[in-house]
Amino acid sequence: MSALSSRVLILGAGGHGRVVLDILQQSGHSDVAGFLDNNVEIHGRRIDGVPVLGGIADVARLAAEHDARSIVIAIGDNGVRRGLARSIRRLGLELVNAIHPSATIAASATLGRNVVAAAGVVVCAHCQIGDSVILNTGCIVDHQTMVGEGAHICPGVRVAGRVKIESGAFLGIGSTVIPKVIIGCEAVVGAGAVVIGDVDAMSTVVGVPARAVKRTDMDEDVAALILPGRA
Ligand SMILES: CC(C)(COP(=O)(O)OP(=O)(O)OC[C@H]1O[C@@H](n2cnc3c(N)ncnc32)[C@H](O)[C@@H]1OP(=O)(O)O)[C@@H](O)C(=O)NCCC(=O)NCCS
């Protein structure tokens, strides 16, 4: 787990940004230099006492000006969050995690960078949580489950053991996943769904039991890049 040893910038000042600020404050990290957000109308304002310093494109300059070497990306869109994380790394800034003090993370679990774990999250033994994953309020991820880069596990989701959640997947609020299934890259699981079988990449499933209602066809070149061996 990356340590919060320096001043922090939060990228994104929307609802999720406020949650991340609260997590940092609750975990005793009061040295938040500010938010960056692309909504110019909120530049110069304060959110919960913390200033919105400017736009995200200016992150390198603003980080230097405010002596902030640590970054948490608090943007809900999975693709944007994942892409931005890669750009931030190229700038040489450090992506750090925001873990609420009430989150319970097993000692044998591994966490990537830019992971947000909100209040009441439980991550059980031998889970692997990738970079830029959001583990939202009160979700449970049971033993040996893998969560891929940039996935979002929404509030109250229950994921059983040995599940594989691929990169960029979105598990809607209150959904449930039984053991050993694979949820494909960029798939969407609707609020309250109960997933009892594998979910195809880029598809949307809803209901109890979950059934597919949408599938976005992936460009072959993109598929080869993000789903090696499955294109
Ligand atoms: C699944 C979801 C993403 C689908 O959104 P969408 O792509 O805009 O799809 P639509 O609203 O067009 O719905 C498609 C069909 O699925 C049904 N449907 C959508 N969401 C559903 C759900 N959660 N449960 C059951 N059925 C659902 C719709 O009624 C519609 O059915 P129809 O074709 O018979 O009319 C969305 O409804 C959802 O559940 N989002 C979860 C959001 C969430 O958890 N946010 C938390 C953020 S922290």
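Predicted model: local features only at pLDDT ≥ 70, side-chain atom pairs only at ≥ 80, totals over all residues.
**Overall dimensions and burial**
- Taken along the principal axes, the box that the C-alpha atoms fill is roughly 50 × 40 × 30 Å.
- Of the 231 residues, 50% count as buried, a term that means under 20% relative accessible area, with exposed set at over 50% and partly exposed in between (1.4 Å probe, protein chains only).

**Strand E5 and its partners**
- Strand E5 (residues 70-73) is covered on both faces, with Ser 70 and Val 72 buried on one side and Ile 71 and Ile 73 buried on the other.
- In a regular strand the side chains alternate between the two faces of the sheet.
- Strand E1 (residues 8-11) runs parallel to E5 and is joined to it by four bridges, with Ser 70 as the bridge partner of Val 8; two strands pair if DSSP finds at least two bridges between them.
- E5 also pairs in the parallel sense with strand E6 (residues 94-95), over two bridges, and here Ile 71 stands opposite Leu 95.
- From E5 the chain crosses through helix H3 (residues 78-90) to E6 in a right-handed β-α-β crossover, meaning that, with the strands pointing away from the viewer, the path from the first strand over the helix to the second runs clockwise.

- Arg 89 counts as partly exposed, at 38% relative accessibility.
- Not counting residues up to four places away in sequence, Arg 89 touches Leu 95, Asp 131 and Glu 149, where contact means heavy atoms within 4.5 Å.
- The C-alpha atoms of Arg 89 and Ile 71 are separated by 9.8 Å, and these residues are 18 apart along the chain.

**The six-stranded open sheet**
- An open sheet of six strands with parallel pairing has the order E8-E11-E14-E17-E20-E23.
- Strand E8 (104-105) and strand E23 (194-195) stand at the edges with a single partner strand each, so one side of each is left without a neighbour in the sheet.
- Within this sheet, strand E17 (residues 158-159) and strand E20 (residues 176-177) pair over two bridges, with Arg 158 opposite Thr 176.

**Nonpolar cores**
- The largest nonpolar core has 34 residues, and those with the most contacts inside it are Ile 129, Leu 135, Ile 153, Ile 165, Leu 171 and Ile 183; such a core is a set of buried Ala, Val, Leu, Ile, Met, Phe, Trp, Tyr and Cys residues joined through side-chain atoms within 4.5 Å.
- Another core, of 19 residues, lies apart from it and has Leu 24, Val 32, Ile 47 and Val 50 among them.

Technical notes:
Residues numbered from 1 in each chain as written. Heavy atoms only, no water.
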